Each structure stands twice: as structure tokens, then as C-alpha cells.
Amino acid sequence: MWFANFFIAGSITMVLPFLSLYIDDLGDFSSSYVQTWSGWIFGITFVTAFIFSPIWGKVGDRYGRRKILIISSTGLALSVLLMGLADSVWELFFLRFFMGIFTGFIPMSQALIATQTPKHIAGKVLGTLQTGSITGTLLGPMIGGVIADAIGYGLTFQFVSIFVFISAFIVFFGIQEQKIEEEEDEKSSYTSKEVLSHILKNPVLLVVMVISLFIQVAHFSIQPILSLYVEDLHGPENLALFSGIAFSAAGLGNLMMARRWGTIADKQGYIRILIFLLFMAGIVYFPAAFVTNIWQLVVLRFLLGISIGGIIPVRTAYIRQEAPIAMQGEVLGYNTSLRFLGNIIGPALGGMLSGWYGFSSVFFVTSGLLILCGVVLVAAVRKSPHSIADAPSA
């Protein structure tokens with residue numbers, strides 16, 4: 001599954017460096033037209049993913065998550081293949097829309113691994129799984145840029161689709177899903193009303209899921225302006241290189257610590273570590289508003305990656321602990337929807353804040369948002385103290 005996540009994450013991110021260039025290549029457009037449609041075409045995938053994630057989660061709970069992974073990777077591969085044949089911006093837009101329906105492979109793989117893994121090591125295993133997607137995300141843009149320069153944009157999409165198909169083959173031939181027996185007091189299936197009721201009656205679980213939205217808002221708010229901030233600090237010389245370093249620094253920190261945080265949380269408790277990581281991320285974000293050179297920013301981005309990197313596996317392991325087996329896919333589907341919603345809100349918020357109040361305002365707001373999430377989670381835990389007292393059990 002590690003290799004499947006690596007191929008999916010790497011393949012999807014391969015096309016990001018030249019997506020706007022591909023749009024420009026489809027016609028004789030003004031720069032403002034290309035920028036506008038780049039935003040729409042990039043964001044529409046998250047809109048459909050937001051809608052369909054709980055649906056796939058529910059279907060996976062009922063019919064098996066392995067089958068959904070095969071459908072997801074096949075749908076993604078077909079979408080990417082057809083993008084390379086697009087003749088207009090509208091065709092590309094609708095193909096990205098179609099792609100969003102199937103953009104749930106990595107969250108679904110987390111749901112599959114979570115249900116197949118004993119509770120007491122779920123954080124470690126999920127952290128290890130996450131390193132696959134992180135590695136793909138780090139290498140994907142660089143490899144995609146090299147391939148696009150060599151064979152062109154359209155052919156690169158078709159080339160990328162091959163790697164996505166490989167993920168489908170890995171799951172089909174290499175992954176077996178074991179039937180997990182429910183505990184005696186657990187049902188074998190749940191209605192969506194019962195799933196939502198379970199979430200709403202567990203205040204800590206609800207807060208953890210809502211925090212998923214705000215973490216993505218915080219993480220993505222800096223994405224559209226990071227290159228501009230790097231230019232403001234360093235100047236235009238080798239801008240692409242230094243922007244790439246700033247982007248990759250967070251991914252490197254994420255890669256180094258995701259598995260480690262999962263292991264620590266297995267022993268210390270998921271909520272306790274999640275609270276610590278939220279405050280750590282908020283504190284690390286704040287001084288980025290005051291940096292005076294690019295290397296200070298790179299160090300802070302690396303530290304941010306260390307803190308953010310532990311949040312996803314720890315959060316998923318906690319959901320695995322709190323949700324009955326037969327509803328875990330749907331619960332994680334709702335959690336994924338909230339994450340995709342944050343992916344939509346974050347870039348828009350960051351762009352507006354930087355336009356109105358300058359780059360520093362983005363870091364101030366993001367830092368405050370993460371610390372507020374930590375405070376709210378602490379408050380929720382105090383109302384339900386068993387959530388932090390209970391240690392993961394096998």
C-alpha cells in the first residue's frame with residue numbers, strides 16, 4: 001500500500017507545476033484569463049471530492065474498501081489520460097471535475113489500513129503509510145517538470161496516467177482485505193443518520209474532525225503566496241529554485257516525523273499528542289511573519305512540517321479508535337470532505353489576506369487559527385476526560 005500511495009501522490013502532483021502552462025498552451029489567452037482559469041481548474045477537483053468522499057466511505061464500509069481503491073485509481077488514471085487529449089479549457093475543467101469524484105484514494109487507503117491494524121499500533125502504521133504519499137508529493141513536481149520539458153504537456157498527462165494505473169494493479173494483485181469481526185455489542189452496518197449521530201454525540205471526535213478543516217485552511221493559506229513571499233525576501237534571482245526549497249522543506253519535516261509521531265501517540269494517547277502538535281504548529285507559524293531572509297523561512301517551514309506531519313496519522317488513528325468498524329469508512333469520508341473544504345477555503349483566504357494586509361497577516365491569522373484549534377480541543381477534552389485518559393488497546 002505504501003507504493004500505491006507513492007504512485008498516486010507522485011502522479012497527481014506531477015502535473016501541478018505546468019497546469020497553468022498547459023492552459024496557456026490550449027489557446028491564445030491573456031495572462032489574467034490563464035490565472036483565473038488556473039484557479040478554477042485547480043479548485044474544482046476539491047469541490048467534487050468534498051461531495052463524494054462520504055459516499056465512497058459509506059460504500060467502502062458496506063462492500064469493501066479494496067474495491068473502492070481499485071475504482072478510485074482506475075477513475076483517476078482515466079481522468080489524467082483524457083486531460084492529455086483536451087482541446088479546450090472547458091474540457092480540461094470538466095475532466096478535473098470528473099477527477100474529483102475519484103480523488104479519495106489516499107484517505108480510503110488510510111481507512112483500509114486503519115481497520116486492518118490493531119489499535120495499539122495504528123498511529124505507527126498510519127504514519128508509515130503517510131510517508132509514501134509524502135515522498136510522492138515531494139518527488140512528483142520535480143519529475144513532472146523534467147518530463148514535461150522533455151516530451152510536452154499533453155504527453156506528460158498520458159505518461160502520468162500509466163503510473164496511476166500501476167497503483168490499481170498494486171491494489172488488485174498485492175492487497176488482500178481481511179474481514180474484521182465486529183465486537184459483540186457492535187452492529188454490522190449503520191445508516192448515515194446513525195453515523196452522524198455517533199459523531200455529534202462524541203464532542204472530542206466532532207472537534208477533531210472540524211479541526212481537520214482548519215488545519216487544511218492554515219496549511220493551504222500560504223500556498224498561493226509563498227513564491228511571492230520568497231521573492232520579497234530573496235529577490236527574483238533563482239526564484240523557482242528557492243521557492244521549491246521553501247515548499248519542500250515542510251514536506252521533508254513531514255516525511256521525517258510522521259511515523260515517529262504515530263509511534264509516540266500510540267503510547268502517550270492520540271489526543272494528548274494532537275493537542276501538542278496543534279500548539280507547536282501555531283507557535284512555529286508565527287515567527288515566519290518576521291523573517292528577514294529565505295533560510296530563516298526554510299527552517300521554520302521545516303519545523304512546521306515536523307508538527308503538521310504528525311497530525312494526519314494521529315487524527316486518523318484516533319478516529320479508528322472511536323468509530324465502530326462498520327462505520328469507519330464513512331466517518332473518515334466526512335473527515336476527508338472537511339479536509340477538501342479546507343483546501344478550497346485556505347488559498348482564497350491567504351490570497352485575500354495578503355492582498356489586503358500584506359504577507360505577515362497570513363502568518364498571524366494562521367498561527368492564531370492553529371492555537372485556537374488547540375484551545376478548543378483542550379476544552380472538549382475537559383468535558384469528556386475519558387478521551388485523553390483511555391490508552392489505545394489491542
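Are W356 and Y357 buried or exposed? Both residues are exposed, where exposed stands for over 50% relative accessible area, buried for under 20% and partly exposed for values in between (1.4 Å probe, protein chains only).

The model is predicted, so local features need pLDDT of at least 70 and side-chain atom pairs count only at pLDDT 80 or more, while totals for chains, interfaces and linings use all residues. Residues are numbered from 1 along each chain as its sequence is written, and side-chain values use heavy atoms, with hydrogens and water left out.

**Confidence**

Mean pLDDT, the predictor's confidence in each residue on a scale from 0 to 100, is 81 for the chain, and 86% of the residues reach 70 or more. Among the elements of the chain, α13 has the highest mean pLDDT (92), and helix α17 (residues 386-389) has the lowest (55). Helices (H or I, at least four residues) and strands (E, at least two) are DSSP runs, numbered from the N terminus.

**Aromatic rings**

The whole structure contains 20 aromatic pairs. Rings of Phe, Tyr and Trp (its six-membered ring) pair if their centres lie within 6.5 Å; planes under 30 degrees apart count as stacked, over 60 as edge-to-face and the rest as tilted. Two of the pairs are listed here.

| Pair | Centre to centre | Angle between planes | Geometry |
|---|---|---|---|
| W37 and F93 | 5.7 Å | 90° | edge-to-face |
| W356 and Y357 | 6.4 Å | 85° | edge-to-face |

Because W37 lies in helix α3 (residues 31-63) and F93 in helix α5 (residues 89-101), their pair ties together parts that are 56 residues apart in sequence. W37 and F93 are both buried. Ring pairs also link W37 and F93 with W90 and F94 in a cluster.

A further ring contact involves a charge: the charged end of R66 sits over the ring of F172, 5.6 Å from the ring centre. The criterion is NZ of Lys or CZ of Arg within 6 Å of the ring centre and within 35 degrees of the ring normal.

**The second largest cavity**

Three cavities of 30 Å³ or more are found in the whole structure. On a 1 Å grid over the protein atoms alone, a cavity is a set of points where a 1.4 Å probe fits but cannot get out, and lining residues have an atom within 4 Å of a point. The second largest cavity holds about 50 Å³ of space, a volume being the space filled by probe spheres set on the points, which are joined across faces, edges and corners.

V284, Y285, A288, L297, L300, R301, L304 and F363 line the second largest cavity. Helices α13 (270-285) and α14 (294-322) each supply at least two of the lining residues, and α14 gives the largest share, four residues. By class, the lining has seven nonpolar, no polar and one charged residues. Here Ala, Val, Leu, Ile, Met, Phe, Trp, Tyr, Cys and Pro count as nonpolar, Asp, Glu, Lys and Arg as charged, and the others, Gly among them, as polar.

How values were computed:
On a 1 Å grid over the protein atoms alone, a cavity is a set of points where a 1.4 Å probe fits but cannot get out, and a pocket is an open set with protein on both sides within 12 Å along at least five of seven lines; lining residues have an atom within 4 Å of a point.
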